[in-house]
Amino acid sequence: MTESVPTYPFDRKETLEPPREWSELQERCPVAHVRLPSGDTAQLVTRYDDVRALLTDPRFRRGGQDAARVATTPDGGLFARNTMSITEGEGHRRWRRLLTRSFTIKKIEAWRPRVQRMADDLVDAMLEAGPPADLSARLGLPLPVQVICALVGAPAEDQDRFAHWSQVMLTLTRHTQEEVQRAYEEFDAYVSALVDARRADPGDDLLSELTQVFDSEDGRLSHEELIATVRALLLAGHETTSNMIVIMTAMLLSERERYQAVIDDPGLIPGTVEEVLRLDSTLSVVGFPRVAGEDLEVGGVPVPAGSTLIPCRPAANRDPRKFDDPDRFDPHRTNANQHLTFGAGPHFCLGQPLARLELQVVLDTLTRRLPTLALRDGAEALRLRTGLLSGGLENVWVTW
């Protein structure tokens, strides 16, 4: 009897714990066929070295029209809409060179006082309203939106629109093709209007800088590339970090000694953030699929050209071949920052310095100002947010 292909993402018994299949596959079948929500099949890769190879080896390209469809929409989801001129090869290298200078650690670190003021204002409002509070609505969503809007030069009051557009565009099973198409059209029209506004009245922001690049005679950034870039910045700049703020808080409060340890020793903040990033199993379990450009081997398994592979970064981050006692939360871990949460290689997340800064600021602010913070309903009430590529948790209610 032919073994059936399991459906992916896998179910799990506990919200904050990974599905048992990840560790099982690492041991017996590190490149395993799975069925995606679309009904298409792909190969799930779970070991650290193999996942890192997928992310760094140019023979594996990032999705495309011939990749297995991920979402239930006819177009297969977000990854089918890559702007290929800036996704692969020299075009991608050109694109990254233009943006990297805006996301250096030094430049991002200069934003820390401003991010701190934003966080304090949001916590002030949360305290004034009193407990309980929906952490996502009060802090998780508004802080990254305010930060990325200030960086890019978009109005922060549009945060609800960003949240709607991003959730629709990141659909796995929740939205129809018509809803997705409408979200893209509305978002692109919004970005085009922003570009026109910055062209007419440039400011000290990234969008004004990018618009000037687009207008330069050497044509380093086409109009389509400019729209795709700003859309990606607004989308990635708030969606994943918003989710991660809530996940981090829930993960620490679910085992209160983790939160208390930071209260007792604020020097643990950087290490705690890295362990949260490494251990989270709720965010981006699908990730960006890769397509083999030629006949290859992954983990000793033959992979024919054209095969779609899913590099499972959360599983790789718990690989005992890379991390000692990988399921243990250890803010003192020396190699925690070698996790693959932000990817690796040419597609390593440009915004990771900003995400790390925001998470550090939030953790410092909460532990200083809300030392009695607790999950209102306990860890057992936490629920995964399903049907979206970005994963994460449903609303997390806290009290103090």
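**Entry 1: the α5/α7 crossing**

I looked up how α5 passes α7 and found a right-handed crossing; a crossing counts as right-handed if the near helix is turned clockwise from the far one by less than a right angle, and as left-handed if anticlockwise. Helix α5 covers residues 112–129 and helix α7 residues 142–152; they pack at an angle of about 145°, with their axes 10 Å apart. Axes are lines fitted to C-alpha atoms, for helices over the stretch in contact, and angles run from 0 to 180 degrees between N-to-C directions. From α5, the contact is made by R114, V115, M118, A119 and L122. From α7, P142, L143, Q146, V147 and A150 take part. I take contact as heavy atoms within 4.5 Å.

I note that this is a predicted model, in which local features need pLDDT of at least 70 and side-chain atom pairs count only at pLDDT 80 or more, while totals for chains, interfaces and linings use all residues. Residues are numbered from 1 along each chain as its sequence is written, and side-chain values use heavy atoms, with hydrogens and water left out. Helices (H or I, at least four residues) and strands (E, at least two) are DSSP runs, numbered from the N terminus.

**Entry 2: the five-stranded sheet**

I traced an open sheet of five strands in the order β1-β2-β8-β5-β3, with mixed pairing. Its edge strands are β1 and β3 (60–62), each pairing on one side only. Neighbouring strands of this sheet are turned by 40° against each other on average, direction ignored. Two strands are said to pair if DSSP finds at least two bridges between them.

I then went through the pairs. Strand β1 (residues 31–35) pairs with β2 in the antiparallel sense over five bridges. Within this pair, R35 stands opposite T41 of β2, and V34 has A42 as its bridge partner. The hairpin of β1 and β2 has five residues between the strands, and G39 takes a positive phi near 100° there. Between β2 and strand β8 (residues 308–311), which run parallel, I found three bridges; V45 has P311 of β8 as its bridge partner.

Is strand β2 mostly covered or uncovered? Strand β2 (residues 41–45) is mostly covered, with four of its five residues buried. Buried means under 20% relative accessible area, exposed over 50%, and partly exposed in between (1.4 Å probe, protein chains only).

**Entry 3: helices beside this sheet**

Helix α2 (residues 48–56) lies across β2, β3, β5 and β8, and runs at about 120° to β8.

In helix α1 (residues 20–28), I found E21, W22, L25 and Q26 buried. These residues cover an arc of only 135° around the axis, which puts them on the same side of α1; the arc is that of the directions from the helix axis to the C-beta atoms. On the other side of α1, R20, E27 and R28 are exposed. The buried residues of α1 pack against β1, β2 and α15 (313–316).

**Entry 4: helix α3**

I compared the span of helix α3 (residues 89–100) with expectation: at 1.5 Å a residue its twelve residues should span 16 Å, and the end C-alpha atoms are 16 Å apart, which agrees. The expected span is 1.5 Å times one less than the number of residues. Which residues of α3 are buried? They are G91, H92, W95, R96, L98 and L99. Seen down the axis of α3, they fall within an arc of 160°, so they line one face of the helix.

**Entry 5: the three-stranded sheet**

I found an open sheet of three strands in the order β4-β10-β9, with antiparallel pairing. At its edges stand β4 (133–134) and β9 (374–375), each with a single partner strand, so one side of each lacks a neighbour in the sheet. Two bridges join β9 to strand β10 (residues 397–399), and L375 has V398 of β10 as its bridge partner.

**Entry 6: residue S242**

I located S242 in helix α12 (residues 239–254). S242 is buried, with a relative accessible area of 7%. Not counting residues up to four places away in sequence, S242 touches G140, L141 and P144.
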